[in-house]
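Dear colleague,

Please find below the structure that I am handing over to you, followed by an account of what was found in it. I would be grateful if you could read the notes with the structure open beside them.

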Amino acid sequence: ATLRVKFGSSLTLSLELFLAADTLRTAVAPTWEDIGKLAAIAAIRTVLNFFLEKELTNIEKRDKNRKVG
């Protein structure tokens with residue numbers, strides 16, 4: 001489970017970096033189409049990141065409870 005948490009944390013970080021890269025790319029020469037795509041990508045990645053963080057928190061709590069009990 002520790003490997004799974006580390007992998008999930010890496011995925012979370014990579015999603016944030018990809019979103020930053022897309023934001024910078026759009027900031028250079030934005031069109032309305034680019035802004036719309038960025039908004040859709042940001043929404044999808046935010047939802048993915050939210051559920052990934054929630055799952056990682058649950059895994060950490062479960063592992064902590066197993067060690068205590």
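In what follows, contact means that heavy atoms lie within 4.5 Å. Please also bear in mind that this is a predicted model.

By that criterion, isoleucine 35 touches Thr26 and Pro30, leaving aside residues up to four places away in sequence. Isoleucine 35 belongs to helix 2. Its relative accessible area is 37%, so isoleucine 35 is classed as partly exposed, the class that lies between buried, under 20%, and exposed, over 50%. Isoleucine 35 and threonine 12 are 23 residues apart along the chain, and their C-alpha atoms are separated by 23 Å.

The two helices may be described in turn. Helix 1 covers residues 2–28. Its 27 residues should span 39 Å at 1.5 Å a residue, and the end C-alpha atoms are 40 Å apart, which agrees. Within helix 1, the residues Val5, Gly8, Thr12, Leu15, Asp22 and Thr26 are buried. Helix 2, residues 32–68, is included in what covers these buried residues of helix 1.

Helix 2 consists of 37 residues, and from its first C-alpha to its last it reaches 54 Å, close to the 54 Å expected at 1.5 Å a residue. Its buried residues are Leu38, Arg45, Asn49, Leu56, Ile59 and Asp63, and they pack against helix 1. As background to such lists, an α-helix has 3.6 residues a turn, so residues three or four places apart point the same way.

Aspartate 22 deserves a separate paragraph. This residue lies in helix 1. Aspartate 22 counts as buried because its relative accessibility is 9%, and the cut-off for buried is under 20%. Not counting residues up to four places away in sequence, aspartate 22 touches Leu38, Ile41 and Arg45. With arginine 45 there is also a polar contact of 2.8 Å between the two side chains. Arginine 45 is itself among the buried residues of helix 2.

Finally, I turn to the surface. Val47, Phe50 and Phe51 form a nonpolar patch there, and together they have about 320 Å² of accessible area. Phenylalanine 51, one of these residues, is placed in helix 2. With a relative accessible area of 49%, phenylalanine 51 is partly exposed, because the class of exposed residues begins over 50%.

Yours sincerely,

A colleague

Terms used. Residues are numbered from 1 along each chain as its sequence is written. This is a predicted model: local features need pLDDT of at least 70, side-chain atom pairs count only at pLDDT 80 or more; totals for chains, interfaces and linings use all residues. Side-chain values use heavy atoms; hydrogens and water are left out. Helices (H or I, at least four residues) and strands (E, at least two) are DSSP runs, numbered from the N terminus. The expected span of a helix is 1.5 Å times one less than its number of residues. Buried means under 20% relative accessible area, exposed over 50%, partly exposed in between (1.4 Å probe, protein chains only). Patches are made of residues with over 30% relative accessible area and no salt bridge: like charges are joined within 9 Å, nonpolar side chains (Val, Leu, Ile, Met, Phe, Trp, Tyr) within 5 Å. Accessible areas come from the Shrake-Rupley method with a 1.4 Å probe; for residues, only the protein chains shown count as cover. A salt bridge is a side-chain nitrogen of Lys or Arg within 4 Å of a carboxyl oxygen of Asp or Glu. A polar contact is a pair of N or O atoms within 3.5 Å; within protein, one must be able to donate a hydrogen and the other to accept it, and residues adjacent in sequence count only if both atoms are side-chain atoms.
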